Amino acid sequence: MNSQTIAFHPPVKKSDMPQRWGVNEVEALFRLPFADLLYRAQQVHREHFDPNQVQLSTLLSIKTGGCSEDCGYCPQSAFHSTGVEDRKMLALDAVVTAAKAAQQAGADRFCMGAAWREPSEADMLSVVDMVKAVRGLGMETCATLGMLNDEQTEQLKQAGLDYYNHNLDTSPEFYGDVISTRDYQDRLDTLERVRKAGMHVCSGGIVGMGEDLTQRAGLVAQLANMNPYPESVPINNLVKVEGTPLADQADLDPLDFVRTIAVARITMPTARVRLSAGRSQMSDAIQALCFLAGANSIFYGEQLLTTGNPEVERDRALLDKLGMYPFADKH
Ligand code: SAM
Ligand code: DTB
Ligand code: SF4
């Protein structure tokens, strides 16, 4: 496969009359009886996707730790003492080796993450080379590098970047409780630039940070009301890392995580909804419920950025048990 044939997913079309989701409407979905919610999510899912197919993204931290932002959940923030070692940017050959290994293991998308508020000009030159090299392997490419300006989105587009990940993380109302060093509008601006440059948008958030139901609904409404809404929507369950301000946050009821997946599926019918961080702490049964609720993508590989993820063998066994198959196997 060459780089011209990678367009696996058509972009979500901009709609002239987008359905606008009120926060109250989204909250009403969250409050549905569990069986009714999952039934609706299943109907929407089956209308747009093969429900047994799952897309596999592998993450690689290309620059770890020492970040100048104060995101309360993040082990890589320089504001928190978490024991994560600061590492300078990986060399190109290390990235290519990791991408080849991910492809060999069955991943179809490779996502490069960096602990930056925003990339510098020199950083961009390295990242552009990485994107070209990974795309040259025939994988879909994704990067998450922080805020971007117009020139940077153009550089990434030219390099062949398929997706840019930049999460809204939570609702506008709860955001200030978690992050103080940049505001919500900065995130929306970056996403707008990514869209304008013609790349697919990957944007989602984290649940279990102490947000109330209205605020959880507020995050989903923000994402669903983007026109068009993101092609990829990662739903992360907070990974509680010692040394971060959210380390002692009470556990989210796993069924509320499943509900969040279902509501994302109903409100963003054609998006890849990714069951993202937090899977190491989830039983097979809860993950199966997430797939039933409309999740059709996971992070695949033993490591997220700095924290663990299920072993490849365990994920393969889980997918087999459920009769599910990776997206890449069908192409
Ligand atoms: N620095 C860039 C940025 O913030 O956009 C890219 C990397 S950052 C680690 C990407 C995303 O990882 C965050 O927006 C957040 O949603 C997620 N994340 C970070 N720490 C997490 C944690 N402890 N639990 C769940 N998700 C987390
Ligand atoms: C996303 O939504 N989740 C990923 C990816 N996009 C970059 C990151 C999860 C990070 C979990 C904590 C860590 O491993 O450092
Ligand atoms: Fe930095 Fe991203 Fe972590 Fe925030 S989430 S501290 S921007 S690496």
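Student: Hi! How many residues surround ligand 1, and which are the closest?

Tutor: Hello! In this predicted model, ligand 1 has 18 residues around it, and the closest are Tyr-73, Thr-144, Asn-167, Asp-169 and Val-239.

Student: OK, how much of ligand 1 does the protein bury?

Tutor: On its own, ligand 1 exposes 560 Å², and the protein buries 91% of that.

Student: Where does ligand 1 sit, then?

Tutor: Ligand 1 sits in the largest cavity. That cavity has a volume of about 830 Å³.

Student: Which residues are closest to the centre of the cavity?

Tutor: Tyr-73, Cys-74, Gln-76, Asn-167 and Leu-305 are the closest to its centre, out of 42 residues that line the largest cavity.

Student: What classes do the lining residues fall into?

Tutor: The lining of the largest cavity divides into 22 nonpolar, 14 polar and six charged residues.

Student: Which strands supply at least two residues of that lining?

Tutor: They are S1 (53–63), S2 (109–114), S3 (140–144) and S7 (232–237). S2 gives the most, with four residues.

Student: Switching to ligand 2. Where is that one?

Tutor: The space taken by ligand 2 is the largest cavity. Residues around ligand 2 include Leu-59, Pro-75, Thr-144, Asn-167, Phe-299, Leu-305 and Thr-307.

Student: Which residues have a polar atom by an oxygen atom of ligand 2?

Tutor: Let's take the side chains to begin with. Asn-167 has a side-chain N or O atom 2.8 Å from an oxygen atom of ligand 2, and a polar side-chain atom of Thr-307 is 2.8 Å from an oxygen atom of the ligand. For Leu-305, a polar backbone atom is 3.0 Å from an oxygen atom of ligand 2. The protein covers 88% of the 410 Å² of accessible area that ligand 2 has on its own.

Student: How many charged residues are in the ligand 2 shell?

Tutor: There are no charged residues in the shell around ligand 2, which has six nonpolar and six polar residues.

Student: What about ligand 3, which residues are around it?

Tutor: Ligand 3 has Cys-67, Glu-69, Cys-71, Tyr-73, Cys-74, Ser-77, Ala-115, Trp-116 and Arg-182 around it. By class, that shell has six nonpolar, one polar and two charged residues. Ligand 3 sits in the largest cavity.

Student: New topic: which peptide bond is cis?

Tutor: The bond from Asn-227 to Pro-228 is cis, with omega near 0 degrees. Pro-228 lies in the loop between helix H8 (213–224) and S7.

Notes:
Residues numbered from 1 in each chain as written. Chains lettered and ligands numbered in written order. Predicted model: local features only at pLDDT ≥ 70, side-chain atom pairs only at ≥ 80, totals over all residues. Heavy atoms only, no water. Near = heavy atom within 4 Å. 1 Å grid on protein atoms, 1.4 Å probe; cavity = no way out; pocket = protein on both sides within 12 Å on 5 of 7 lines; lining within 4 Å. Sits in = over half its atoms within 2 Å of the grid points. Nonpolar A, V, L, I, M, F, W, Y, C, P; charged D, E, K, R; others polar. Polar contact = N/O pair within 3.5 Å; in protein donor to acceptor, adjacent residues only side chain to side chain. Areas by Shrake-Rupley, 256 points an atom, 1.4 Å probe, with all protein chains shown as cover. Points joined across faces, edges and corners; volume = space filled by probe spheres on them.
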